[in-house]
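Colleague: I would like to learn how to read a model like this one, feature by feature. Please give the general idea each time, then the case at hand.

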Amino acid sequence: LDRLDHIALSGVVAQGQALLCTARAAMRKYNLAFGLPEPGPDSFIRSVTVKVPDGTAEAIIRALEVYNIEAKRYYRPLVAYSLAPVSWRIYDSIVYLPLHEGITHSNVEWMFERLASCLHVHKSRI
């Protein structure tokens, strides 16, 4: 609990919310959507989920690695695709991008610009 008090008092929550505002603006600019429900106003923000075309999450993550963007996928379904196809489709269409106290607003804008570029390149290959 001491760590949570420190987080609340240190401004980390407010900083994460400010970075989330920058991410929202970038997402609007590039016509992107949240992959999961948008975080609430008191949420401790460490990442943001972005919806990508179905089945492309891994390719997008690999493309972002070129720019040293540490995008990730989380919560891999524990059963085979045939047993949970909806869960697998969600897993394969959401990318988590970092939003933490070491990232600046210009970093967030640049990261979303790179993501939009990767998505454009991926679409042109289809």
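Colleague: Is Asp54 buried or exposed?

Modeller: Keep in mind that this is a predicted model. A residue counts as exposed when its relative accessible area is over 50%. Asp54 has 53%, so it is exposed.

Colleague: With which residue does the side chain of Asp54 meet in a salt bridge?

Modeller: The partner is Lys51, with 3.0 Å from N to O. Lys51 is partly exposed, at 35% relative accessibility.

Colleague: How many salt bridges are there by this rule?

Modeller: The count is seven. One of them joins Glu101 to Arg46, whose closest N and O atoms are 2.5 Å apart.

Colleague: Which side chain meets that of Glu70 in a salt bridge?

Modeller: That of Lys72, at 3.1 Å from N to O. Glu70 is exposed at 55% relative accessibility, while Lys72 is partly exposed at 30%. Elsewhere, salt bridges with shared partners link Glu58, Arg62, Arg73 and Asp92 into one network.

Colleague: Which residues touch the most other members of the largest nonpolar core?

Modeller: The general idea comes first. Nonpolar side chains in soluble globular proteins tend to be buried together. Here the largest nonpolar core has 26 residues, and those touching the most other members are Ile60, Leu64, Val95, Leu97, Leu99, Phe112 and Leu115. Two or more residues come from each of α2 (12-29), β1 (47-51), α3 (57-65), β2 (94-98) and α5 (105-125). The most come from α5, which gives six.

Colleague: What does Leu115 touch, not counting residues up to four places away in sequence?

Modeller: Leu115 touches Leu32, Val50, Ile60, Leu64 and Leu97.

Colleague: Which residues of α2 are buried?

Modeller: Start with the helix geometry. In an α-helix there are 3.6 residues a turn, so residues three or four places apart point the same way. In α2 the buried residues are Val12, Val13, Gly16, Gln17, Leu19, Leu20, Thr22, Ala23, Ala26 and Met27. The helix has 18 residues, and from its first C-alpha to its last it reaches 26 Å, close to the 26 Å expected at 1.5 Å a residue. After α2 comes Asn31, with a positive phi near 60°.

Colleague: Where is Thr56, and what is it in contact with, leaving aside its neighbours within four places in sequence?

Modeller: Thr56 is placed in the loop between β1 and α3. Residues under 20% relative accessible area count as buried; Thr56 has 5%, so it is buried. Apart from neighbours within four places in sequence, Thr56 is in contact with Asp92 and His122. Asp92 also belongs to the salt-bridge network with Glu58, Arg62 and Arg73.

Colleague: Which residues form a nonpolar patch on the surface?

Modeller: Leu36, Val86 and Ile90 do, and together they have about 240 Å² of accessible area. Val86 lies in helix α4, which covers residues 85-91. Its relative accessibility is 49%, so Val86 counts as partly exposed.

Technical notes: Residues are numbered from 1 along each chain as its sequence is written. This is a predicted model: local features need pLDDT of at least 70, side-chain atom pairs count only at pLDDT 80 or more; totals for chains, interfaces and linings use all residues. Side-chain values use heavy atoms; hydrogens and water are left out. A nonpolar core is a set of buried Ala, Val, Leu, Ile, Met, Phe, Trp, Tyr and Cys residues joined through side-chain atoms within 4.5 Å. Buried means under 20% relative accessible area, exposed over 50%, partly exposed in between (1.4 Å probe, protein chains only). Contact means heavy atoms within 4.5 Å. A salt bridge is a side-chain nitrogen of Lys or Arg within 4 Å of a carboxyl oxygen of Asp or Glu. Patches are made of residues with over 30% relative accessible area and no salt bridge: like charges are joined within 9 Å, nonpolar side chains (Val, Leu, Ile, Met, Phe, Trp, Tyr) within 5 Å. Accessible areas come from the Shrake-Rupley method with a 1.4 Å probe; for residues, only the protein chains shown count as cover. The expected span of a helix is 1.5 Å times one less than its number of residues.
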